[in-house]
Amino acid sequence: MKAKYKRYVLDFKRPSGTSRGIMTSKETWFIILEENSKIGIGECGILRGLSIDDRIGYEDKLKWTCEHINKGLDTLLKELIDWPSIQFGLEMAFKSLRSNSPFVLLPSKFTDGLDAIKINGLIWMGDDKFMRQQIKEKIEAGFDCIKLKIGAIDFQTELDILKSIRKEFSPSDIELRVDANGAFKPNEALEKLKYLSEYQLHSIEQPVKPGQIESMAALCEASPLPIALDEELIGVFDLQSKEQLLADIKPQFIILKPSLIGGYKGSEEWISTAEDLNIKWWITSALESNVGLNAIAQWTYTLGNLMPQGLGTGGLFTNNFHSPLNVKNGTLQYDISKQWNFNLNK
């Protein structure tokens, strides 16, 4: 078996804002395996400023991984425990190599085009007009679950936007989720959650920055609004630490981004731990190209979770790879009439 890697930069169609700043491009890396004239493709979806493996030596570690590819997947996963995006890229590449098609990793009714995955419509931060325009577009496109990034503009403006949605759409019409990306200070978070809860929201993701275990636990206990952990899961590698974190904080939900938490294996440990504690969960992509999104979507479908998932990011980039993935009527579908065009030389 031979392995090589290559960097690729995805360009956003328009600048996309979170409380951590504005993004205009997103770097990603691919591992390509070759054996007996077959290829396997995996994406190492690092997210600069957020991934635990965003540190000096990333490309060196990719190079080392390719040079030691014949150690096999299980050994490499153990040796790359603190490089979760590379772990996921490897899992993907090995599944791709062993599959009949390099892009059908987990055959199912989804990949046969017979079933779809319900997803939320993502509303990026911006001014009042821009956010309202996005919401209108998502509702017209058939979404009945909308997720708004909050925490970067005036809080009252964000409340007014939620209020205007609720004037027109009840919770049974539109499910509303918000994601603060850790924007609230611990001493103000509970008060803000009380204001937000007036609009009958499904949940809020990561109201305060990760690592403040006591503050987050107190919030989860007192909040009138269900809380979902997201960034809090990053950098927690062993099973015992995962169990301890969830037992200490007791959130209502956790959100799993395979590229940030160790791929399928790391995510499945979180799911098992959460279910033991009656904590619900859903899956979200982390701005991967369609290659990584495809691998996440196919796996998500096999899990049978009927909640709306966060998998609607494929249309954000101008230079994404053409694929059968298609967002329609608030779902992610696999259109078998469309072909893959994976070309790293664009």
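Figure 1. A180 sits in the loop that runs between strand 7 (175–179) and helix 6 (186–197); helices (H or I, at least four residues) and strands (E, at least two) are DSSP runs, numbered from the N terminus. With 0% relative accessibility, A180 counts as buried, a label that means under 20% relative accessible area, with exposed being over 50% and partly exposed in between (1.4 Å probe, protein chains only). The C-alpha atoms of A180 and V208 are 7.6 Å from each other, although 28 residues separate the two along the chain. N181 belongs to the loop between strand 7 and helix 6 too, and at 7% relative accessibility N181 is buried. Look at the backbone here: N181 is not a glycine, yet its phi is positive, near 50 degrees.

This is a predicted model, so to speak of local features takes a pLDDT of at least 70, side-chain atom pairs count only at pLDDT 80 or more, and totals for chains, interfaces and linings use all residues. Residues are numbered from 1 along each chain as its sequence is written, and side-chain values use heavy atoms, with hydrogens and water left out.

**Figure 2. E205 and its partner K147.** E205 is part of strand 8 (residues 203–205) and is buried, with a relative accessible area of 1%. Its side chain makes a polar contact with the side chain of K147 at 3.0 Å. A polar contact here is a pair of N or O atoms within 3.5 Å; within protein, one must be able to donate a hydrogen and the other to accept it, and residues adjacent in sequence count only if both atoms are side-chain atoms. Neighbours within four places in sequence aside, E205 is in contact (heavy atoms within 4.5 Å) with residues including K147, V178, D179, A228, D230, I255 and W282.

**Figure 3. Q200, another positive phi.** Q200 is found in the loop between helix 6 and strand 8. Q200 isn't a glycine either, but its phi is positive, at about 50 degrees.

Figure 4. S223 counts as buried at 15% relative accessibility. The side chain of S223 reaches the backbone oxygen of L225 at 2.5 Å. Beyond its neighbours within four places in sequence, S223 is in contact with L190 and L193.

**Figure 5. Y334 in strand 13.** Y334 lies in strand 13 (residues 331–334), and at 7% relative accessibility Y334 is buried. The side chain of Y334 makes a polar contact with the side chain of W340 at 3.1 Å. Leaving aside neighbours within four places in sequence, the residues in contact with Y334 include F103, V104, F110, T111, G113, N294, Q298, P324 and L325. A116 and Y334 are 218 residues apart in sequence, but 7.4 Å apart in space, C-alpha to C-alpha.

**Figure 6. Stepping back to the whole protein.** The views above come from a protein with eleven helices and 13 strands. Its C-alpha atoms fill a box of roughly 60 × 45 × 35 Å, taken along the principal axes. Of its 346 residues, 53% are buried. Among contacts with a separation of 6 or more, 69% come from residues 24 or more positions apart.
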